[in-house]
Structure formats: C-alpha cells, structure tokens
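Q: I have a structure open and would like to go through it with you. Could we take it step by step?

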Amino acid sequence: MRLVLLIVALVVAGVVGWKKRDEIPFLRDATRQVERQVQSVELPKVPGLSSANDAPASGGQPAPGGVRRCVVNGSVLYTNDACPAGSSEQKVKGGTVSTVPGYKAPAAAASGTGIPNARELLAPKDGTLKDKAAEKIMEGL
C-alpha cells in the first residue's frame with residue numbers, strides 16, 4: 001500500500017512540475033538550455049539532394065526539386081510541385097523527407113474474361129437461391 005501511495009505521489013509531483021516548469025527556476029533554466037542545444041544542431045548536408053533549407057531561387061520560391069509544405073483545408077501536403085489552388089504554402093523548417101514511388105492501380109480486367117469471381121462460381125446453375133427456397137416451400141404444402 002505504501003508503494004502505491006509513493007508512486008501516486010511521484011506521478012502527481014511530476015505532473016505539477018511539468019505544468020509549472022516555467023515558474024520553477026531550475027526547470028526553466030534546463031528548458032532554455034535544451035532549446036539552445038537543439039537550435040545549435042546542424043543537419044548534415046547530403047550531396048545530390050536539395051532541401052527547403054537551401055537558398056530559394058528567384059521570386060522567393062523554393063529551389064527546383066525542393067520540398068513545399070501546402071496546407072489544404074487543415075491537412076498538410078508535402079510536394080515538389082506548386083501548391084494546389086486554394087491552399088497556402090508554408091516554409092519547411094527542416095528535417096528529412098522520405099519518398100516512395102506512387103501507387104499505380106492495376107488495370108481493370110475486362111468483364112467475361114480471365115478467372116471467374118466467387119459470385120460466378122457459387123451461383124446456382126438453374127435459378128437463384130430465392131427461387132429454390134420458394135420451390136421447396138411450395139413442395140412442402
């Protein structure tokens with residue numbers, strides 16, 4: 001029981017410390033120090049890849065092949081093309097972007113050719129199941 005009370009007290013102290021971290025001097029100083037360290041970290045440059053952090057081309061637009069961040073109806077879209085109409089372009093702050101090839105939907109199979117689907121294989125040969133059930137009911141009368 002003492003262990004449970006100790007854990008609850010530690011959790012409460014942690015939550016209060018987190019909420020009041022700007023008011024407690026040593027937590028405020030630690031937070032500022034971490035923020036300065038994060039800002040001083042420089043991302044490595046990868047040769048052959050351009051990023052949004054590169055110098056923009058003329059007109060304030062990202063360099064060709066650069067990443068653009070577009071906000072469309074509250075959703076974020078990353079693209080290397082111009083942002084769609086009705087969206088707002090925002091500056092990409094940094095980080096990495098991984099790309100994968102786009103999904104190509106397979107071509108629709110022509111009807112009546114190829115492998116039959118389950119509906120065709122399981123369909124009764126002489127009428128529908130509803131017709132067969134009606135015939136059985138009529139035979140029972």
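Q: To begin, in what order do the elements of the protein run from the N terminus on?
A: This is a predicted model. From the N terminus on, the order of the elements is α-α-β-β-β-α-α. The secondary structure comes to four helices and three strands.

Q: And how are the strands arranged in the sheet, in what order?
A: The three strands form an open sheet in the order 2-1-3, and the pairing is antiparallel. Strand 2 and strand 3 are the edge strands, since each of them pairs on one side only.

Q: By what angle are neighbouring strands of this sheet turned against each other?
A: On average the angle is 35°, with direction ignored.

Q: How many bridges join strand 1 to strand 2?
A: There are five bridges between strand 1 and strand 2, which run antiparallel. Among the facing residues, Arg69 stands opposite Tyr78 in strand 2, and Val71 has Val76 in strand 2 as its bridge partner.

Q: Where do the side chains of a regular strand point?
A: They alternate between the two faces of the sheet.

Q: What do strand 1 and strand 2 form together, and how many residues are between them?
A: They form a hairpin, with two residues between the strands. Asn73 is located in the loop between strand 1 and strand 2. The phi of Asn73 is near 50°, which is a positive value in a residue other than glycine.

Q: Is Asn73 buried or exposed?
A: Asn73 has a relative accessibility of 76%, so this residue counts as exposed.

Q: Changing topic: which cysteines form a disulfide?
A: Cys70 and Cys83 do, and their sulfur atoms are 1.8 Å apart. The count for the model comes to one disulfide. In general terms, a disulfide is a covalent bond between the sulfur atoms of two cysteines.

Q: Is the disulfide of Cys70 and Cys83 left-handed or right-handed?
A: It is left-handed, because the torsion about the S-S bond of Cys70 and Cys83 is about -80°.

Q: Which parts does the pair tie together?
A: Cys70 belongs to strand 1 (residues 68–72), while Cys83 lies in the loop between strand 2 (75–79) and strand 3 (88–90), so the pair ties together parts that are 13 residues apart in sequence.

Q: Are Cys70 and Cys83 buried or exposed?
A: Both Cys70 and Cys83 are buried. Of the 141 residues of the protein, 6% count as buried.

Q: What about charges: which residue forms a salt bridge with Arg68?
A: Glu89 does, and the closest N and O atoms of the two are 3.6 Å apart. The pair links distant parts of the chain, with Glu89 in strand 3 and Arg68 in strand 1, 21 residues apart. The count of salt bridges comes to one. As a general point, side chains of opposite charge can pair when their charged atoms come close.

Q: How exposed is Glu89, and how does Arg68 count?
A: Glu89 is partly exposed, with a relative accessible area of 37%. Arg68 has 14% relative accessibility and therefore counts as buried, the cut-off being under 20%.

Q: One last topic: which residues form a nonpolar patch on the surface?
A: The patch is formed by Leu3, Leu6, Ile7, Leu10, Val11 and Val15, which together have about 590 Å² of accessible area. Val11, one of these residues, is placed in helix 1 (residues 2–19).

Note on methods. Residues numbered from 1 in each chain as written. Predicted model: local features only at pLDDT ≥ 70, side-chain atom pairs only at ≥ 80, totals over all residues. Heavy atoms only, no water. Disulfide = S-S within 2.5 Å. Buried < 20%, exposed > 50% of the residue type's maximum accessible area, 1.4 Å probe, protein only. Pairing = 2+ DSSP bridges. Axes fitted to C-alpha atoms, helices over the stretch in contact; angles between N-to-C directions. Patch = residues over 30% accessible without salt bridge, like charges linked within 9 Å, V, L, I, M, F, W, Y side chains within 5 Å. Areas by Shrake-Rupley, 256 points an atom, 1.4 Å probe, with all protein chains shown as cover. Salt bridge = Lys/Arg side-chain N within 4 Å of Asp/Glu carboxyl O.
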